[in-house]
Amino acid sequence: MFCPYGIDTAEITMAAKEIMDSIGMGRNTAMKSSASAQDRQQPGPAGPALEDTLAGLEEDIKEATGADVKLPLDVQGAEVLMVTPSADFFSEPHVESLIGYAKVFHQAGISWTLSSHASEAGNFGLFIGNYEQMRSIAMRVREAALELGVRRIVVGECGHAWRVAYSFWNTLIGPFDFLDPNYRCRSTYARSLTT
């Protein structure tokens with residue numbers, strides 16, 4: 001469960017992964033995913049494909065519920081920037097998560113937006129232990145939040161996205177002093193990003 005000498009075995013594993021990546025011996029699938037996210041301007045869906053997907057989901061929600069629930073994109077001054085893994089845009093059952101976020105924001109009366117610049121929360125740099133790739137991928141979220149002028153960032157369900165956000169964002173892409181520390185949030189972690 002833990003090292004009796006207090007050695008952080010997770011950090012040792014991350015260091016080993018980074019060494020393996022640097023000599024080209026990392027896990028092939030993870031290295032390809034991370035390289036793809038690094039090489040492309042935007043690792044998630046982009047441009048017209050993203051807009052069409054969101055419009056289609058709005059139609060599906062309207063048909064199922066009768067409510068005009070929006071999935072807004074690049075809304076300047078929205079309260080919340082939602083970043084979610086790209087699977088939420090096109091893969092069953094993951095798309096139900098995105099629909100669920102939209103319904104919750106709609107019902108709560110919270111203005112929110114997705115970003116065409118940061119439509120992918122997933123951070124494959126974590127899998128290979130490459131801090132520079134983690135930083136580069138995460139920086140898109142910070143840039144989008146600043147550009148859109150949001151008051152809060154919400155990270156959708158994604159194990160590696162959440163782990164990178166929770167464990168590394170403050171040192172990778174912080175400080176988050178541009179976010180509102182008093183915004184309708186009870187999360188200690190969310191407040192810690194702004195301090």
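Close-up 1. Met20 sits in helix H1, residues 9–22 (helices are DSSP runs of H or I with at least four residues, strands are E runs of at least two, both numbered from the N terminus). The model is predicted: local features need pLDDT of at least 70, side-chain atom pairs count only at pLDDT 80 or more, and totals for chains, interfaces and linings use all residues. Residues are numbered from 1 along each chain as its sequence is written, and side-chain values use heavy atoms, without hydrogens and water. Met20 is partly exposed, at 36% relative accessible area (buried is under 20%, exposed over 50%, partly exposed in between; 1.4 Å probe, protein chains only).

**Close-up 2. Thr84 in its loop.** Thr84 lies between strand E1 (80–83) and helix H4 (87–90). Thr84 is buried, with a relative accessible area of 1%. Its side chain makes a polar contact of 2.3 Å with that of Asp88 (N or O atoms within 3.5 Å, one able to donate a hydrogen and the other to accept it; residues adjacent in sequence count only if both atoms are side-chain atoms). Trp162 is 78 residues away in sequence, yet 9.7 Å away in space, C-alpha to C-alpha.

**Close-up 3. The nonpolar cores.** The largest core holds 26 residues; Leu81, Val83, Ile153 and Trp169 have the most contacts inside it (a core is a set of buried Ala, Val, Leu, Ile, Met, Phe, Trp, Tyr and Cys residues joined through side-chain atoms within 4.5 Å). E1, H7 (131–148), E3 (152–155) and H8 (159–172) each supply at least two of its residues. H7 gives the most, seven. Another core, of 19 residues, lies apart and includes Ile61 and Leu114.
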